[in-house]
Amino acid sequence: MQKRWFQTLIVLILVFLLILLVSAADFIFDPIFKYVGAVAFPVIGAGVLFYLTRPLMHLLEKLKLHRILAIMGVFLILLIALFLISRYIVPILENQFTNLVNNIPNMVSAVQDIIAYWESNQNLIPSEINETINQLTSNLQTYIESAMSFIFGFIGEFISTLFAIVLIPFFLFFLLKDGEKFVPFITQFFEKKKADNIRSLLYKIDDTLTSYIQGQLIVALCIGFLLYIGYTIISLNYAMTLAIFGMIICVIPFIGPYIAVTPAIIVGFFQDPLMPVWVAIVMIVAQQIEGNLVSPNVMGKALHLHPLTVITIVLAAGSIAGLLGMLFAIPIYAVVKTIISHFYETYQDAQKDEEDALI
């Protein structure tokens, strides 16, 4: 047992020394990190699509189609879905988004009228609130410039993302074609018992990612559908645009719904002072249906993550890496948890037989 702890300690020391050497030799690894960053988006995008389309490929293979023909069938179905979205949904979104942008000056004018009303009734408002309003008004130009710089930066990132999207189909094709060869390739370098152990770990990681990615897709689609129905019932302007925005942002666990409802509340306020109340009710109903019916059956049983743990991880990842941190924090945590659990089980088995040890 002491030998095992000593070996583990040596491994940890070597890992920290490796990290120290990498940080000291950043002039060597910086080009590598830049290359990895350049291909990260298409690889991640293809990986997500791989987990979403792999069941469809297996279904086509059960229909006696060759793997290549099954992959071509998957790509054909994706192209049909993109065509239907661009044909029937994108025009509606474009029209609603244009109307929303054109209506922004009216919203700004309404806010200015409210501020003017407050300034004309300063004796009815505490001095602290007046100071806050004056400070916001004086810094309004700075806020607008910051918002515009953010928008232009976002446009630049969006254009670079479009170029990266072109690479996604190529990565997806080879993932679907050769993805099942990865585990045998890794395990061929180990003896049988350790190979079986590593194979079990890789399959557990695969199951974890499959459960999360497929589950998040189902949850997001359900929330988007419920929001669209609710927004349509209460006659909220730009219902489809706001519902799709909510569907995308709700990919962020727990915090996503609160971010998603913010634009809808703002739009609803300028439409009708009571509309934000109805928007909040719609979001609460959608969140309750998703939280009590969809998520527990789709992801809860597979990932076994406590809500408090999820909230803590998402908040910490958001403060460190922003929106991307929020998006990837939970799957990364789930994978790390799977690895640690497997190592712990392996360690317990190694107490009985050292040949079962992974390291």
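**The salt bridges**

Modeller: Happy to! The count comes to eight salt bridges, where a salt bridge is a side-chain nitrogen of Lys or Arg within 4 Å of a carboxyl oxygen of Asp or Glu. Do keep in mind that this is a predicted model, in which local features need pLDDT of at least 70 and side-chain atom pairs count only at pLDDT 80 or more, while totals for chains, interfaces and linings use all residues. Residues are numbered from 1 along each chain as its sequence is written, and side-chain values use heavy atoms, leaving out hydrogens and water.

Let's start with Asp-206 and Arg-54, whose closest N and O atoms are 3.2 Å apart. Asp-206 lies in helix H8 (residues 192-233) and Arg-54 in helix H2 (residues 26-62), so this pair ties together parts that are 152 residues apart in sequence. Helices here are DSSP runs (H or I, at least four residues), numbered from the N terminus. Both Asp-206 and Arg-54 are buried; buried means under 20% relative accessible area, exposed over 50%, and partly exposed in between, with a 1.4 Å probe and protein chains only.

Helix H8 also holds Lys-204, which forms a salt bridge with Glu-345 (3.1 Å, N to O). Glu-345 sits in helix H12 (residues 307-350), 141 residues away from Lys-204. Glu-345 is partly exposed at 39% relative accessibility, and Lys-204 is partly exposed at 29%.

Next come Asp-178 and Lys-181, with 3.4 Å from N to O. Asp-178 is partly exposed at 25%, whereas Lys-181 is exposed at 53%.

Finally, Glu-61, Arg-67 and Glu-180 are linked in a network of salt bridges.

Conventions: Helix = DSSP H or I, 4+ residues; strand = E, 2+ residues; numbered from the N terminus.
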